[in-house]
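Dear colleague,

I am handing over the structure that we discussed, and my notes on it follow below. Please read them with the structure open beside you.

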Amino acid sequence: MHLPHLQDLNEKLSTTFRPWQRSFQFWVRAADIYTGYKICQVRVKFVKGIEKQEEIWEKQHEVAADKLYSMCYELGGFFLKAAQILGKPDLAPAAWVRRLVTLCDNAPATPFEVVRLVLEEELGRNVAEVFERFDVDPVGSASIAQVHRARVKGTRSDVAVKVQHPGVKELMMTDLRNLQAFAMYLQNTDLKFDLFSVTKEMEKQVGYEFDFLREAEATERIRLFLHANNKKVPVLVPKVISNMVTRKVLVMEFIDGTPIMNLGSEMAKRGINPGGKMAMVAKQNILKSLTLAYGQMILKSGFFHADPHPGNILICKDSEVALLDYGQVKNLPESLRLGYANLIIAIAENNPIKASNSYKELGIQTLSTCADEQRELLKLAQSMFDTKLPPGLTMMSPFSEDASIKKTAVQTFPGELFSVLRTVHLLRGLSVGLGINYSCAKQWKPIAKEALYDAGRLEDNDPKVQNRGFLKKIFRRK
């Protein structure tokens, strides 16, 4: 009944910013931000004193943060995802984080009348016929979709209704092409890293996010995997309402909790000192749960949730952690999963020879001008694939002159590893935000060894791992 209206709406949205107009907007704004930093880089050379230099940089960060926020908010599309990546306390300046972190689940919302049209077209029924109650205001809006709280007729529990923004796919593909061109420029000037392969993998992954049928299947697959591998599941995964899923609408169990970004203020409301001992224990338990879940998903299954930005993490009662939004998942090939397991062990054991061999196994090709190439490769592995920051460092910048990426050029980087890289960096950002500096590699080492033992590729003898693997085989037979 509403099909013509929805088609008209999609056409209108897709032409609001024609590709050339959108590209022009991006390049003007990106060039402005980039030029500002280059000018600042020259200015500080003429200023004496570290404090004065840092003051100039901080002012530049503030100016750039406002420009980045405006670009991401006004253009929307993929730039909202870029804000999620950049708004991390270990990678971006504090001024950027303060501005960009608010875009994690507060993107511009689609008006309810448009949401209603999408719902009725996708579900084939009137909203009032399906739902006993439907909250008009979304509980959160992100780059691809927004979520409304509702209750299906004849049920007692609330559900989360995820509805795709009309016309956003075309905008995102335009954004990604522009980003690929910008990545090529940075790759040839400021960063010695295979950024183009990374952006191609991003393009593939973002394309998957527009199919909610695929997301529903991924959600259930991960939920069942975590239940099968743990007596107590490390993270809560929402159940999908199977008969209410289409390519553009996804209905699932509603999980109530506090967004991890608001954890400190929520603790303060309850009379808990956010910097006190009780709060620190709760934060450590939260990180432990997330780290265990990701270690099992990446190293044992190879199929994992690849988008742990703060907007997708809720803290429920008793410090339980809920992991939401399975639009971005990754299925690692067996060779990369086991190669990454070897790299995790190398990082945890601080073993440069094993790290160098793992790079070759993973297909990461590097070119180093350093005297101790293997040691530098280990440092690069730690900065890329571990959450632990070096002593005294609160932010890892790839533009720093002392950064390993400046000393070791990454000529070839398998695109399929980008999701692992991004996941580790998001976990690092969470740990820095919570004020805890820890090594996911050390926590994942036993899981990595178990994965290698199960595959018949454990290099050293570890009785604990072997016994665990042997017992599993016995139970499987029974």
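H165 sits in the loop that runs between strand β4 (159-164) and helix α8 (168-189), where helices (H or I, at least four residues) and strands (E, at least two) are DSSP runs numbered from the N terminus. With a relative accessible area of 8%, H165 is buried (buried means under 20% relative accessible area, exposed over 50%, and partly exposed in between, with a 1.4 Å probe and protein chains only). The side chain of H165 makes a polar contact with the side chain of T110 at 2.6 Å, and a polar atom of the H165 side chain lies 3.0 Å from the backbone oxygen of A142. (A polar contact is a pair of N or O atoms within 3.5 Å; within protein, one must be able to donate a hydrogen and the other to accept it, and residues adjacent in sequence count only if both atoms are side-chain atoms.) Leaving aside residues up to four places away in sequence, H165 touches P108, T110, S141, A142, S143, I144, A145 and Q146, contact meaning heavy atoms within 4.5 Å.

Please keep in mind that this is a predicted model, in which local features need pLDDT of at least 70 and side-chain atom pairs count only at pLDDT 80 or more, whereas totals for chains, interfaces and linings use all residues. Residues are numbered from 1 along each chain as its sequence is written, and side-chain values use heavy atoms, with hydrogens and water left out.

Although D318 and A282 are 36 residues apart in sequence, their C-alpha atoms are 8.6 Å apart in space.

As for the interior, 52% of the 478 residues of the chain count as buried.

Overall, the chain has 19 helices and 14 strands.

Best regards
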